[in-house]
Amino acid sequence: MSYDITIIGAGITGAGVAQAAAAAGYKVAVFEASEVGGATSSNSSKLIHGGLRYLESFQFSLVRESLLEREILLSIAPELVKLAPLHIPIYKNSQRSPLTIHTGLSLYRLLSGWDATTKFSRLDKAQWPDLDGIRTEQLKAVYRYQEAQTDDRALTRAVMASACELGAELMHPARFNGATIANKHVEVTYQHGGRDQSLSTRVLVNCAGPWASELNKRITPTPELPPVELVQGSHLLLPPVLHHHYYLESPSDGRAVFALPWQGKLLLGTTETPHFDAPETAQCHPHETHYLLTILKHYFPHLHVLPSSAETLAGLRVLPKTQGTAFGRSRDVMMLADQRNNPRVLTVMGGKLTTYRATAWEVMQKLYPSLPPARRGIDTRQIHLHPVD
Ligand SMILES: Cc1cc2nc3c(=O)[nH]c(=O)nc-3n(C[C@H](O)[C@H](O)[C@H](O)COP(=O)(O)OP(=O)(O)OC[C@H]3O[C@@H](n4cnc5c(N)ncnc54)[C@H](O)[C@@H]3O)c2cc1C
């Protein structure tokens, strides 16, 4: 069997690349060892967002791209991506002042090209009592702006279904075992249907998220990858104790924490805990549950939520290994090829659910020199996405 493009992993990154490659008319194979969208791509904060907080680290191009992609997804996937008003309460001792938030939201609006969805307002004091009993002692201001929410697993499955409609072949469950890079192609071995199999491909795209670094070691000769770190982010799924969406600042360390009504529950997250073991062992630790419930209690003192009422989710961020807290580090996607021109193996790690389509577009630009001319030019900005049963 021979393919133009073979992809390891059907998370949002692999699904997005499969869709873009199939839309360009290439012969595409995708291996998914477990469940489509079952790993990081179903353990996110489920926001399709511009990333307001990335303004603080001057990641303007990421924010601009995210806002643009949010607009596209709102139009091509209205059943899966919906706007929701988020509230940012600011207290006397908050790290960010009302002026900082106002400036950030204005910049957000500017970067969106004054898109109507980025309009924001400062709530009247008379509206504060409507906010789920939020603590008003030392409260200085509450801002309201809009982000979009999704079902991350369902979105990933919809993108993968679209890729398959365009002709991509999903092998599932199929586990990538290893690969050997030859002059103009790559020999790949994998396990599917209970037996070892092999195929030949012009290019191999490693979209295995937190597993990508380990799988890279099974490629001969092994392409160089920069060191990365896995940082766990946990969420709690709680009974629906809040009616509105909040963007909170953790009083202990200033990190942003979301409290978001989602599918009849309250999604509360996230944390950042270094993860040193195998990716499949990720799970929410009791200290993370305690951290998140303490923040909820701080802002909504009347709530009595027991840890036992929480379902937990844990996902792993793949971040470049550098100094500093995970919170402040770049969330730009990392793309690394075995060679600059005519890549035969490309590894894609990190990034955001929100920008999967733009990432896939960029991946294709890197791969074109290694491929025959595209056989068609369907624009993924025009392909509607629907929930898959
Ligand atoms: C806590 C947290 C919150 C986040 N919140 C947001 C958010 O609100 N908005 C946003 O835009 N982004 C968010 N992100 C980022 C986003 O979720 C990720 O960037 C994205 O899901 C990564 O997808 P992926 O496809 O690269 O990896 P994954 O979804 O992990 O997919 C990798 C796939 O590879 C498969 N695989 C592994 N080994 C093999 C093998 N040997 N053979 C075949 N398949 C294999 C796995 O089974 C898996 O399905 C968040 C991330 C985290 C961790």
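Predicted model: local features only at pLDDT ≥ 70, side-chain atom pairs only at ≥ 80, totals over all residues.

Biologist: Which residues come nearest to the ligand?

Modeller: They are E32, T40, S41, L47 and T354, out of 39 residues around the ligand. A residue counts as near if one of its heavy atoms lies within 4 Å of the molecule.

Biologist: And how far is the side chain of E32 from an oxygen atom of the ligand?

Modeller: An N or O atom in the E32 side chain is 2.6 Å from a ligand oxygen. For the side chain of S41, the distance from an N or O atom to an oxygen of the ligand is 2.6 Å. For the T354 side chain, the corresponding distance is 2.7 Å.

Biologist: How much of the ligand does the protein cover?

Modeller: The ligand has 1000 Å² of accessible area on its own, and the protein covers 94% of that. Areas come from the Shrake-Rupley method with a 1.4 Å probe; for residues, only the protein chains shown count as cover.

Biologist: Which elements give two or more residues to the shell?

Modeller: Those elements are α1 (12-23), β8 (174-181), β12 and β17 (311-320). Helices (H or I, at least four residues) and strands (E, at least two) are DSSP runs, numbered from the N terminus.

Biologist: How does the shell divide by class?

Modeller: It has 15 nonpolar, 18 polar and 6 charged residues. Ala, Val, Leu, Ile, Met, Phe, Trp, Tyr, Cys and Pro count as nonpolar, Asp, Glu, Lys and Arg as charged, and the others, Gly among them, as polar.

Biologist: Turning to α6, which of its residues are buried?

Modeller: E288, T289, Y291, L292, L293, I295, L296 and Y299 are buried. Buried means under 20% relative accessible area, exposed over 50%, and partly exposed in between (1.4 Å probe, protein chains only). Elements covering the buried residues of α6 include β4 (81-91), β12 (228-238) and β14 (256-262).

Biologist: How many residues does α6 have, and what distance does it reach?

Modeller: Helix α6 (residues 286-299) has 14 residues and reaches 20 Å from first C-alpha to last, close to the 20 Å expected at 1.5 Å a residue. The expected span is 1.5 Å times one less than the number of residues.

Biologist: Where are the cis peptide bonds that you flagged?

Modeller: One runs from H172 to P173, with omega near -5 degrees; P173 lies in the loop between β7 (169-171) and β8. Another joins T220 and P221, with omega about -15 degrees, and P221 lies in the loop between β11 (219-220) and β12.

Biologist: Is F58 buried or exposed?

Modeller: F58 is exposed because its relative accessibility is 63%. D132, by contrast, is buried because its relative accessible area is 12%.

Biologist: Now R344. Where does it lie, and what does its side chain join?

Modeller: R344 lies in the loop between β18 (334-337) and β19 (345-349). Its side chain has a polar contact of 3.1 Å with that of Q339. A polar contact is a pair of N or O atoms within 3.5 Å; within protein, one must be able to donate a hydrogen and the other to accept it, and residues adjacent in sequence count only if both atoms are side-chain atoms. R344 is buried because its relative accessible area is 17%.

Biologist: What does S370 touch?

Modeller: Not counting residues up to four places away in sequence, S370 touches R202, V203, N342 and P343. Contact means heavy atoms within 4.5 Å. S370 is found in the segment after α7 (356-367).

Biologist: And R381?

Modeller: R381 also lies in the segment after α7, and its side chain makes a polar contact of 2.8 Å with the side chain of D379. Leaving aside neighbours within four places in sequence, R381 is in contact with I72, I76 and R357.

Notes. Residues numbered from 1 in each chain as written. Heavy atoms only, no water.
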